[in-house]
Amino acid sequence: MKQKIVIGNWKNYLNESETIKLAKEILDEKFSDNIRLMISPCNLYLNQVNQIMKGSSVEVIGQNITSYESTSDTGGVTAIGLKDLGINRSIIGHSEVRKRNKRSKSEDVLIEIIPTGFQFILCFENIEQIPFDILNNSSEMILAYEPVWAIGTGETASIEHINEIHRSVKSELSKLSLDIPVLYGGSVNPTNSKEILSQELVDGVLIGGASTKHEDLHKIINSI
Ligand code: PGA
């Protein structure tokens, strides 16, 4: 089986001591080369977790960025700020962010960061949200299909539905000769992860709630 990407999005679920404890537990994990693990703690603890993971194969990534360079943007997160911390990738366009911002600004941010090579996981709820024309193969980009009704609800999309969406996204990507992994996110847990991760069209999973519990994350990364 080809390598699968597993991303833990810890959102704002954990306080400082819980975050550090979980990071240290993950550092002690042994998992197969088939899994490429990324974790995304909340911004407050990003630097601490990145220090803990230094030298390990676990990549620490941001949960959102609002611009590339510093701007007058209260509460914003810049890509150069993340790069200063040694973090070179972020989730972008998560539905919880889109909802808070009322409109999607992910395309504006992508236009700024793509030429810089800053890497990202672009979340989309429908194929129209993917700006195919600005994607390329020059730095690693990742897409994540996240149906909003499946996020944090315990209602996972069916395997047929996941495959149908992934097939159409991959077909668009291949028309443009783009080699970009497509992940699935939405109530992934230890019970459904094996089936989801074993799908040929699924290049990995983006996990919220279950990734904040060590036992669940352990089971997910060992499910294939
Ligand atoms: P969930 O969240 O796994 O808790 O549904 C997924 C996500 O928000 O990426």
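Is Ser 139 buried or exposed? Ser 139 is buried, because its relative accessible area is 14% and buried means under 20%. The structure is a predicted model, and the values below are computed from it.

**Around Ser 139**

Ser 139 belongs to the loop that links E5 and E6. Its C-alpha atom is separated by 5.5 Å from that of Gly 117, although the two residues are 22 residues apart along the chain. Asp 133 is placed in the loop between strand E5 (119–124) and strand E6 (141–145) as well. Asp 133 counts as exposed because its relative accessibility is 67%, and exposed means over 50%. On the surface, Asp 133 gathers with Glu 69, Glu 107, Asp 108 and Glu 112 in a patch of negative charge.

**The strands**

Strand E4 covers residues 89–92 and has both of its faces covered. Arg 89 and Ile 91 are buried on one side, and Ser 90 and Ile 92 are buried on the other. In a regular strand the side chains alternate between the two faces of the sheet. Because 5 of the 5 residues of E6 are buried, E6 is largely enclosed by the rest of the structure.

The pairing of these strands can be followed step by step. E4 and E5 run parallel and are joined by 4 bridges, with Arg 89 opposite Gln 119 in E5. E5 in turn runs parallel to E6, and 5 bridges join them; here Cys 123 stands opposite Ala 144 in E6. E6 also pairs with E7 in the parallel sense, over 3 bridges, and Tyr 145 has Tyr 184 in E7 as its bridge partner.

**Positive phi angles**

| Residue | Phi | Loop |
|---|---|---|
| Lys 11 | about 45° | between strand E1 (4–9) and helix H1 (16–27) |

Lys 11 counts as buried because its relative accessibility is 12%. Ser 177 counts as exposed because its relative accessibility is 54%.

How values were computed
Residues numbered from 1 in each chain as written. Predicted model: local features only at pLDDT ≥ 70, side-chain atom pairs only at ≥ 80, totals over all residues. Heavy atoms only, no water. Patch = residues over 30% accessible without salt bridge, like charges linked within 9 Å, V, L, I, M, F, W, Y side chains within 5 Å. Areas by Shrake-Rupley, 256 points an atom, 1.4 Å probe, with all protein chains shown as cover. Salt bridge = Lys/Arg side-chain N within 4 Å of Asp/Glu carboxyl O. Lys, Arg positive; Asp, Glu negative; His and termini not counted. Charge placed at Lys NZ, Arg CZ, Asp CG, Glu CD. Helix = DSSP H or I, 4+ residues; strand = E, 2+ residues; numbered from the N terminus. Buried < 20%, exposed > 50% of the residue type's maximum accessible area, 1.4 Å probe, protein only. Pairing = 2+ DSSP bridges.
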